[in-house]
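Here is a short report for a reader new to this structure. Please look over the sequence and the model before reading on.

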Amino acid sequence: MPELRRLPVLSATAVAALSLACAHTPPRKPVSPGGRIEFSNQTGEPLEVFASGARVAVLARGASVSVDRLPLGPVGFEAVGKMSGTRLHASFDLLDAAPASWAIRPSPEQEAALARLPTGRIEVRNGAPEPVRVFVDDEAREMVWPGGEAAYSGIPLGRRRLRAEGVKSGFGVRSEVVVTEGAAPVFDVVPPRGSLRVANRSTLPAFVSVEGFGGREVQPGATFTIADLPPGAHRVAAVDLLHRPMWESEVTVRPGEVVEAAVPLPAGVLAVVSDLHVPVAVVADGRRLGDVPARGAGEFRGLPPGLARLQATGPDGTVLARARIRIPAEGQATWMAKPGSGGEAAGDEGSLMVVNRTPESIALRVDGWDRGHVPPGGRRVVPGLVPGRHTVAALGAASRDVSRALLDVTPGAEVSFEVVPAAAVLAVRNTRPEEVRLILDGTEIARVAAAESADLRIAAGRHELHVRGVGTLATTLHALDLQGGQTTRLDLTVPTATLVVTNRQGEPLAIGYGDRQLGVVLPGDRVTLRDVAPGTYRLVARSLARPLSWTVPVTLSAGDTFKWDLQK
């Protein structure tokens, strides 16, 4: 076993003396970078460079490199060709003050040795719609025009790095080939493909398609991305679920980019003049457009051009008037809703059977308005539904659970909807720089700190979630449609939209949406409403002088500005 030795313990006086000595030690001079030199390879082959026998650099053809921390004073250098084996020598007196420079040029022996080496060639085919610059081992070669071909000879045998760059767009394509005698590898230049992202800015579900590449259904406010599209012009179209045209455009896809396009609000306009003695809700193809006062009139925008099935429904849900009207692509259609027309076109309507499997009474809403209550274990039939897609919601009286469904109704058929107990999970992530309060349907349910996340169990169905900053009080509104048994993820951010209303009517107008009134705009005035939460709204302008109203649906996203010009 080795002997253990006890180290002496320094006294306080010794420690103080040692500290004083260290404090008075003069600062050291910075470390010298040593000898420095810059090499430039002007030969026709890659080189290995040695200093006093030690390799210090490897240079490709035409490359340059700086080397430091070499010995000061006379130093001998040797450059060895990696293809020819030729050795080139030079000597420099390296100083601390300034770097040396060696431009390595080929010797006659090296040129002769390279000329004797076997070489091959490379063929390039340009499949891009623009000229490309070609590089072989980072050495520029001749340009190749669109659809053209080029052959580069005198290429050293072995593995070679290839690169092509688009002259206009700047795209880059890389490859590696092996050059051998008697065979010419081919470098096909194909530019990277692009993508198209289509956002549905209308208030209707739309089927968006790209000619030759298919499509899919996109809900209002949602997006649809088609990847791997060839660059160039593409025809994009959107139709509603009844195959009526909503929008069509030509979009240019650029290589390596995601191009944006948006489906706007359809151009159809409907004017309704009501001779009915009660206020009515106007429904087009199962979608509620808005309300018209008793013996009043209203204008509704955002309808797809084509044939529309119209209904005027009274406060109790009874259909008081029906009609089929063709909505033009330009101008407007006018419907005179008269008493006694409730039986027109009733034969092609369907019905809904609602079955309540829950232990509580449920309130039933179809396409946004009340259709009565269904007792526990009971059933209820809702007649008079026009063919098309309908939204059904059932609200539990005690649990407040909401069940929702989108149902397709066909002429003369009855569809069923069963309501079962359900709950959903809302997973939120707070990306704001402050703590936020979560207010669901008017009741605070949680607080989430900055950069934190939370999973909340909430009744399935539609909800309004207000997210309010604790410090700034900045508030955003989120319209939620939670599905039972599923997790919905939501990032809590602070973006808002802007609404600009211009009143060119000769009378004051009350502006609002839903049950919320935004204010009154006087004739000739323009009002800008900022910090509007993103979402889908049905804006209504009601005359304070006459029984008239104007309605327009709108989907607002972060940063949007919607201008509503109410003209005579």
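## A residue to start with

In which strand is Ser403 found? Ser403 sits in strand β34, which covers residues 402–409. The model is predicted.

Is Ser403 buried or exposed? Its relative accessibility is 12%. The cut-off for buried is under 20%, so Ser403 counts as buried. Beyond its neighbours within four places in sequence, Ser403 touches several residues. These contacts are Val392, Ala393, Ala394, Phe417, Val419, Val420 and Ala460.

## The chain as a whole

How many helices and strands does the chain have? There are two helices and 49 strands. The radius of gyration is 38 Å, well over the 24 Å that the globule rule gives for 568 residues, so the chain is more spread out than a compact globule. The C-alpha trace spans about 110 × 85 × 60 Å along its principal axes.

Of the 568 residues, 43% count as buried. The chain exposes about 29,800 Å². Carbon and sulfur atoms supply 52% of that area. Now take the contacts between residues at least 6 apart in sequence. Of these, 57% join residues at least 24 apart.

## Charges

How many positive and negative side chains does the chain have? It has 63 positive and 60 negative ones. The centres of the two sets lie 3 Å apart.

Side chains of opposite charge can pair when their charged atoms come close. The structure holds 27 salt bridges.

## Salt bridges

Arg160 and Asp137 meet through their side chains in a salt bridge, at 3.3 Å from N to O. This pair links distant parts of the chain, 23 residues apart. Arg160 lies in strand β12 (residues 158–166). Asp137 lies in the loop between β9 (132–136) and β10 (139–140). Both Arg160 and Asp137 are buried.

Glu260 forms a salt bridge with Arg197. Their closest N and O atoms are 2.5 Å apart. Glu260 has 48% relative accessibility, so it counts as partly exposed. Arg197 is partly exposed as well, with a relative accessible area of 29%.

Which residue forms a salt bridge with Arg301? The partner is Glu299, with the closest N and O atoms 3.3 Å apart. Arg301 counts as partly exposed because its relative accessibility is 37%. Glu299 is buried, with a relative accessible area of 18%.

Elsewhere, salt bridges share partners. They join Asp138, Arg161, Arg163 and Glu165 into one network.

## Positive phi angles

Most residues other than glycine have a negative phi. Asp228 is not a glycine, yet its phi is positive, at about 60°. Asp228 has its place in strand β18 (residues 223–229).

His243 also has a positive phi, near 65°. Where is His243 found? It is in the loop between β19 (232–239) and β20 (245–253). His243 has 67% relative accessibility, so it counts as exposed.

Note on methods: Residues numbered from 1 in each chain as written. Predicted model: local features only at pLDDT ≥ 70, side-chain atom pairs only at ≥ 80, totals over all residues. Heavy atoms only, no water. Helix = DSSP H or I, 4+ residues; strand = E, 2+ residues; numbered from the N terminus. Rg over C-alpha atoms; globule rule 2.2 N^0.38 Å. Buried < 20%, exposed > 50% of the residue type's maximum accessible area, 1.4 Å probe, protein only. Contact = heavy atoms within 4.5 Å. Areas by Shrake-Rupley, 256 points an atom, 1.4 Å probe, with all protein chains shown as cover. Lys, Arg positive; Asp, Glu negative; His and termini not counted. Charge placed at Lys NZ, Arg CZ, Asp CG, Glu CD. Salt bridge = Lys/Arg side-chain N within 4 Å of Asp/Glu carboxyl O.
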